[in-house]
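Let's take a look at this protein together.

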Amino acid sequence: MRAARIVLAAAVSLAACAPAIATPTPSPAVAVVTPEPPPSALRATQAPPPLPTPTPFTPCISPEKVIADISLANLCVAGANLFAENAIGGTDLHALFDQVGDDLASVQHEFAWTLRGTPTIDVFATTATYRTGLIHLLGYSGATAAYVADNSVAFFDPDLRTILVNWEAVRDRRPIAAIRHELTHVVTLEACAPRCDLIPAWLNEGEARLAEAIIPGGDWRLVRVRYEAASMVATNTLMPLSTLVSQGQWNAITSWGGYYKYQEAARVTELLRDDIGGTQPLSRLYDRVRRGENVAQAYATLTGRTFDSFVGALASRFTAGVPAGPAIVMTAGPQADHGLGYLLYGFAPEAKVTLRLVGRRLEETEEITVSPQGAHFSEIQDRYPPGTYVLAALSHDAVVAAARFEKRGGRPLSVD
């Protein structure tokens with residue numbers, strides 16, 4: 001098995017892999033990102049609703065790509081070699097085509113960078129065929145491919161300039177974000193050259209996670225980045241940036257930390273962009289990096305402030321504007337145009353909480369344990385009748401936090 005300069009990608013739409021500036025060899029012990037807890041009783045489980053009428057596209061007159069016994073059709077999106085397994089069709093195929101076009105334009109604009117090369121994006125219909133792709137395209141052993149397939153939804157190999165995507169794992173949460181995450185890594189590898197050694201892992205991964213969170217319609221992801229980072233402050237679980245510099249350091253953080261490192265890095269990157277300012281702050285930063293300045297030097301050049309002052313203020317900036325916890329914040333749901341998400345944050349690490357959902361003719365409870373970072377995200381099912389609801393978090397029968405929302409008609413849930 002050849003060594004691949006890459007680590008695991010987005011786990012259950014939460015994490016994604018980096019263009020590796022270091023060169024780890026993938027193994028079941030490296031770079032695990034723990035998926036979210038299993039669906040809860042309050043979480044939506046229905047299929048996603050019909051999408052809006054997609055932009056029509058003309059099928060390519062091009063031979064199919066065959067990997068093992070899997071056939072993938074070329075969708076001929078401008079700027080990338082986009083292949084989709086033939087089992088993906090109809091509305092999903094249109095959604096994929098449109099999303100990749102949007103992602104390519106957005107990421108290149110963010111960096112003010114036109115890609116010199118053409119990335120290949122191979123989209124597999126199921127976890128099983130995704131695993132086959134990892135074996136036959138990247139040369140992984142069956143055991144390693146199975147492990148990667150079970151713990152990721154997308155994967156980028158910088159040597160081959162190829163992104164592999166598990167459509168089964170990404171299709172339900174809208175907008176689709178995993179491909180934009182990986183394309184951010186593609187652009188980064190070009191934009192940082194010849195000084196990619198100056199890009200720390202926290203920035204490399206943070207900018208890719210942030211790219212997921214600022215996709216139009218993806219506000220629930222940005223809420224998670226901001227509030228979960230604040231919850232890390234409340235539980236004293238922030239990771240020093242100095243421990244997130246090399247790809248090896250990054251890969252070594254697993255379990256819950258393997259998820260929250262992305263949220264922290266994305267929030268740091270968001271604040272870094274704010275401080276640098278301008279319409280394309282990452283472009284300004286990478287221009288300085290290509291001249292040989294490290295991130296600290298570039299920050300000082302562009303802002304007139306020291307990077308030490310930036311790092312020293314991170315904890316207070318994470319909590320600024322976020323109401324103190326323990327609390328519940330409601331968001332739009334990840335299931336496209338219906339449902340409602342909720343995030344508990346600022347709770348004690350691994351606190352055991354009773355969730356109680358109360359409506360006019362309904363009362364349901366569920367026992368949960370929040371993360372070591374004091375947070376828990378899930379979704380309200382869309383099956384509930386219209387009306388006003390209260391979601392409360394209780395500890396020892398006492399209400400610790402509560403949120404009120406309104407469900408109108410048979411369609412979306414919304415905060416009242």
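## A helix and what follows

Before we start, a quick word on terms: a helix here is a DSSP run of type H or I with at least four residues, and helices are numbered from the N terminus. Keep in mind too that this is a predicted model.

Now find helix α7, which covers residues 219-234. Its 16 residues reach 23 Å from first C-alpha to last, close to the expected 22 Å. After α7 comes N236, with a positive phi near 55 degrees.

Twelve of the 16 residues of α7 are buried, so the helix is largely enclosed by the rest of the structure. Among those buried residues are W220, L222, Y227 and M232. The cover over them includes helices α6, α9 and α13, along with strands β7, β8 and β11.

## Zooming in on E190

Next, hop over to helix α5 (residues 178-191), where E190 sits. Is E190 buried or exposed? Its relative accessibility is 11%, so E190 counts as buried.

The side chain of E190 makes a polar contact of 2.8 Å with the side chain of W113. A polar atom of the E190 side chain also lies 2.8 Å from the backbone nitrogen of R116. Beyond its neighbours within four places in sequence, E190 touches residues including T114, L115, G117 and R161.

## The whole protein

Zooming back out, the protein has 13 helices and 14 strands. Of its 416 residues, 57% are buried. The accessible surface is about 16,100 Å², and 54% of that belongs to carbon and sulfur atoms.

Technical notes:
Residues are numbered from 1 along each chain as its sequence is written. This is a predicted model: local features need pLDDT of at least 70, side-chain atom pairs count only at pLDDT 80 or more; totals for chains, interfaces and linings use all residues. Side-chain values use heavy atoms; hydrogens and water are left out. Helices (H or I, at least four residues) and strands (E, at least two) are DSSP runs, numbered from the N terminus. Buried means under 20% relative accessible area, exposed over 50%, partly exposed in between (1.4 Å probe, protein chains only). A polar contact is a pair of N or O atoms within 3.5 Å; within protein, one must be able to donate a hydrogen and the other to accept it, and residues adjacent in sequence count only if both atoms are side-chain atoms. Contact means heavy atoms within 4.5 Å. Accessible areas come from the Shrake-Rupley method with a 1.4 Å probe; for residues, only the protein chains shown count as cover. The expected span of a helix is 1.5 Å times one less than its number of residues.
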